[in-house]
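I opened this notebook to record what I looked up in the structure.

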Amino acid sequence: MVSKIPALKEVERKKKKLILRYTDSKEYEISYHKLRVACPCASCSPKRDDKETLEEFKKLIESFKFEKPSVTPVGNYALSFSWSKGCSNGIYTFERLYKLANGQDPDDGKPYTHGVW
């Protein structure tokens, strides 16, 4: 678990990446491809559990036409992203986004098992 993270104050959708701006004046980027691979939903998460399924999952995502997702806040703790093709079910907590933006494993190296890591 990440220790105290700064508050997310702004999200900007660029052509190929998401820009996250925080209250500590730091700015981070996450490519849309990386964002989709890290989808936390129950359908996508198990696909990251082993190398073979992860590679297949990445190829599937790469086959989708490039697009910027729409972004919707989920309460005061997360964002959801909507795509015209592929999964739009994941709820990305601010902690998960911060980990992704900082190059950390948002799953903390744990496999997905029945709705939890």
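Predicted model: local features only at pLDDT ≥ 70, side-chain atom pairs only at ≥ 80, totals over all residues.

Residues are numbered from 1 along each chain as its sequence is written, and side-chain values use heavy atoms, with hydrogens and water left out.

Entry on backbone angles. Most residues other than glycine have a negative phi. I found that Ser-25, which is not a glycine, has a positive phi of about 70°. Ser-25 sits in the loop between β2 (17-22) and β3 (27-31); helices (H or I, at least four residues) and strands (E, at least two) are DSSP runs, numbered from the N terminus. Ser-25 is exposed, with a relative accessible area of 67%.

I then looked up Asp-108, whose phi is also positive, near 55°. Asp-108 lies in the segment after α3 (94-101) and is partly exposed, at 40% relative accessible area.

Entry on the core. A nonpolar core is a set of buried Ala, Val, Leu, Ile, Met, Phe, Trp, Tyr and Cys residues joined through side-chain atoms within 4.5 Å. The largest one has 24 residues, and Tyr-92 is among those with the most contacts inside it. Its largest share, 4 residues, comes from α3. Tyr-92 touches residues including Leu-35, Phe-81 and Leu-97, where contact means heavy atoms within 4.5 Å; residues up to four places away in sequence are not counted.

Definitions and conventions: Buried < 20%, exposed > 50% of the residue type's maximum accessible area, 1.4 Å probe, protein only.
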